[in-house]
Amino acid sequence: MGNVKNGRRAVVVAGARTPFVKAFSEYIELDAIALGVLATRALLKKVDLPYREVEGIVWGGVILPSGAPNVGREIALDLRLDPGCEAYTVTRACASGLQAVTSGAAAIERGEADILICGGADSTSNAEVKLPQKLVHAFAPLALGKPTPADYLSAAPKLLPLTELIPRQPKVAERSTGEVMGESAERMARRNEISREAQDAFALRSHQRAAAAIASGRFEDEVFPVQGAGGKWVHTDTLVRADSTMEKLAKLRPAFAREGTLTAGNSSALTDGGAAVLLMSEEKARALGYKPLAAFASWAYTGVDPSDQLLMGPALAMPKALARAGLRLADIDLVDMHEAFAAQVLSVLKMLASPAFARSRLGLDEAVGEVDPERLNVHGGSIALGHPFGATGARMVTTMANELARTQKKTALLGICAAGGLGAAAVLERVD
């Protein structure tokens, strides 16, 4: 969590992101670096900050390009920021964007910088297909050395049988369990008795709230148009379905188990997009004439056994962040939880409301509390808006910081589940 003992506080000045789109669609020609460049350029233009002022970039990503895995530095170079602008890239699965922002906040509060760009981007459309390791082992010595014809002849037998050289379809599965995330969420639904109807109702509300936010213009100061494939401009998130209904959702087939309850309708989709947040020390922001939106009261990260309930991390991390902020759930005005799956969010909500869970998993005498649906994901979540893995955390920070400033509410609690059994949380507080 933050260190403000030296009097320095990191503040969120502004955020900007690309519209989020379904993978293999409008952004198919834009990789994670390009999406990060677009988000960062839009952010700097929005706040009219000279490029030379940016001291560093902290960036989050999950599908990192093998040729340039430090995406943050590539963004700085592509934008021609000051060559002295340092950068690093973090990965903590779906919590990578929040990790980038809180890492930046910690650096500012430690006095290491005054102005940082933090965020994340991912392009599933440009995920690299891994060559069979057998092919790599056979040809890498030839490519890296000075092979003779005899070396080629000796490598050829290593390639047999040729059927083992066909690239396999990437499987987004847990390395430790072999289980894909949807299968884990399906187990969570059964274990926590989350019905298909409840999942569909939650997904419908996500779409309705996201559609209402877009229609009201609430996202216009944080989502900027992008020119995609074929020169087509994308002005808003394309996965939001304003016309979704319970009847339409009920017709969708289970996606992860024959008799399952998770569908493409109540799960987040593979998404491309980027999001950037401008952090400054409060003193610097005010000196430059910016009005800060929010600051971090706390943050917390935790892990659980992936074979238990893979996506329950927020149920552990959110109480920890609340305790570090000296707050209770009842003190929180807004709650924003990443919607990997409706079943996962509904399971976490049950855990937070359970006295038995509080005693057995948190060491507390009473439940953390029930989340008021009117305070939860007030402008929709990842099911409707989409989920570019590395960008979601920065998207949530931006929307909640803007919402606190716009509504004059005081606090917002964020929660994110992530692969590997990880959980992330943060408490934002409005800055006056």
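**Cysteines and helix α1**

The sulfur of Cys 118 is 11 Å from the closest cysteine sulfur, that of Cys 85, which is too far for a bond. The structure is a predicted model, in which local features need pLDDT of at least 70, side-chain atom pairs count only at pLDDT 80 or more, and totals for chains, interfaces and linings use all residues. Residues are numbered from 1 along each chain as its sequence is written, and side-chain values use heavy atoms, leaving out hydrogens and water.

Cysteines
- A search of the whole structure finds zero disulfides (cysteine sulfur pairs within 2.5 Å).
- Cys 118 has 0% relative accessibility and counts as buried (under 20% relative accessible area, with exposed over 50% and partly exposed in between; 1.4 Å probe, protein chains only).
- Cys 85, at 1% relative accessibility, also counts as buried.

Helix α1
- Helix α1 covers residues 32–47 (helices are DSSP runs of H or I, at least four residues, and strands are runs of E, at least two, numbered from the N terminus).
- Its 16 residues should span 22 Å at 1.5 Å a residue, and the end C-alpha atoms are 23 Å apart, which agrees (the expected span is 1.5 Å times one less than the number of residues).
- Buried residues of α1 include Ile 33, Leu 35, Val 37, Leu 43, Leu 44 and Val 47.
- Among the elements covering the buried residues of α1 are β1 (10–17), α2 (71–78) and β8 (271–281) (contact is heavy atoms within 4.5 Å).

Ends of α1
- Asp 31 caps the N-terminal end, with a side-chain oxygen 3.2 Å from the backbone nitrogen of Ile 33.

Technical notes: Polar contact = N/O pair within 3.5 Å; in protein donor to acceptor, adjacent residues only side chain to side chain.
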